[in-house]
Amino acid sequence: MAKVVAPSILSADFSCLGRQVAVLEAEGAQILHIDVMDGHFVPNISVGPLVVGALRCHSKLFFDVHLMIERPETYIDIFAREGADHITVHWESTKHIYRLIQQVKASGCQVGVALNPGTSFEVLDCVAGDLDMVLIMSVNPGFGGQDYIADMSAKIAKAARWRADNKAHYRIEVDGGINMDTAAVAAEAGADVVVAGAAIFGDGKPGEAWKRLQLTING
């Protein structure tokens, strides 16, 4: 299966967000990564359900909504109604990860669990088989433009081995510090989806940048 680059709108130009998303969709992008931050779970604030709903009206992309928020259970159904296709919650954001996974599934969305850099993959041992995605954070969450943490490649590889050993079916997504060099590193370690923000939107030509990254991880 081909590996996929998921543009992250966290680095997009919000004055023309709809146009930039349309360009990426026209170039062949499949997944749009939408980072939701509340200023509590992470030290930044980004977008909410209204932005997801506004984009949904104009896009058929697969919306990969990444909740970096406290009390995510409060917002699952709202994001599902606004058009999320997939919702990722953080292991660190809840005491009841199994219940939260089931809530996302009940909303009609696919489900993923994200792990911060300091969280071991082993915490997912009892639930990984229920997941559509495991998201390895390769930076500390909250801000774009950070450098890829090299040690996270070993965690990506561990997620890939667990999947093979247990005949699981989740995709492995990597988010943080992805550029032309680190995209290839993450893909080689076992990532199926790499999230890129600044590397796509930074030069004002997101469609061309997305195509370059897509070729890099599938070359």
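## Overall build

With 219 residues, a compact globule would have a radius of gyration near 17 Å, and the chain agrees because its own value is 16 Å. The model is predicted. Along its principal axes, the C-alpha trace spans about 40 × 35 × 30 Å.

The secondary structure comes to 8 helices and 8 strands.

## Surface and charge

Buried residues make up 53% of the 219 residues. The accessible surface of the chain is about 9,800 Å². Carbon and sulfur atoms account for 52% of that surface.

The chain has 18 positive and 26 negative charges. Their mean positions are 4 Å apart.

## The nonpolar cores

In soluble globular proteins, nonpolar side chains tend to be buried together. Here the largest nonpolar core holds 62 residues. Ile34, Leu67, Ile87, Leu124, Ile156 and Tyr170 touch the most other members. Helix H5, residues 152-165, gives this core its largest share, 5 residues. Another core lies apart from it and has 5 residues, among them Val4, Ala6, Ile31 and Val195.

What does isoleucine 87 contact, leaving aside neighbours within four places in sequence? Its contacts are Val65, Leu67, Ile76, Phe79, Ala80, Val104, Cys109, Gln110, Val111 and Gly112.

## Isoleucine 76

Isoleucine 76 is found in helix H3, which covers residues 76-82. Is this residue, isoleucine 76, buried or exposed? Isoleucine 76 counts as buried because its relative accessibility is 0%, and the cut-off for buried is under 20%.

Residues up to four places away in sequence are not counted in what follows. Isoleucine 76 touches Leu67, Ile87, Val89, Leu100, Gln103, Val104 and Ser107. Asparagine 179 sits 103 residues from isoleucine 76 along the chain. The C-alpha atoms of these two residues are separated by 30 Å.

## Two loop residues with positive phi

Arginine 71 lies in the loop between strand E3 (62-68) and H3. Arginine 71 is not a glycine, yet its phi is positive, at about 50°.

Lysine 167 is placed in the loop between H5 and strand E7 (171-175). Phi of lysine 167 is near 50°, again a positive value in a residue other than glycine. Lysine 167 has 67% relative accessibility, so it counts as exposed.

Conventions. Residues numbered from 1 in each chain as written. Predicted model: local features only at pLDDT ≥ 70, side-chain atom pairs only at ≥ 80, totals over all residues. Heavy atoms only, no water. Helix = DSSP H or I, 4+ residues; strand = E, 2+ residues; numbered from the N terminus. Rg over C-alpha atoms; globule rule 2.2 N^0.38 Å. Buried < 20%, exposed > 50% of the residue type's maximum accessible area, 1.4 Å probe, protein only. Areas by Shrake-Rupley, 256 points an atom, 1.4 Å probe, with all protein chains shown as cover. Lys, Arg positive; Asp, Glu negative; His and termini not counted. Charge placed at Lys NZ, Arg CZ, Asp CG, Glu CD. Core = buried A, V, L, I, M, F, W, Y, C linked by side-chain atoms within 4.5 Å. Contact = heavy atoms within 4.5 Å.
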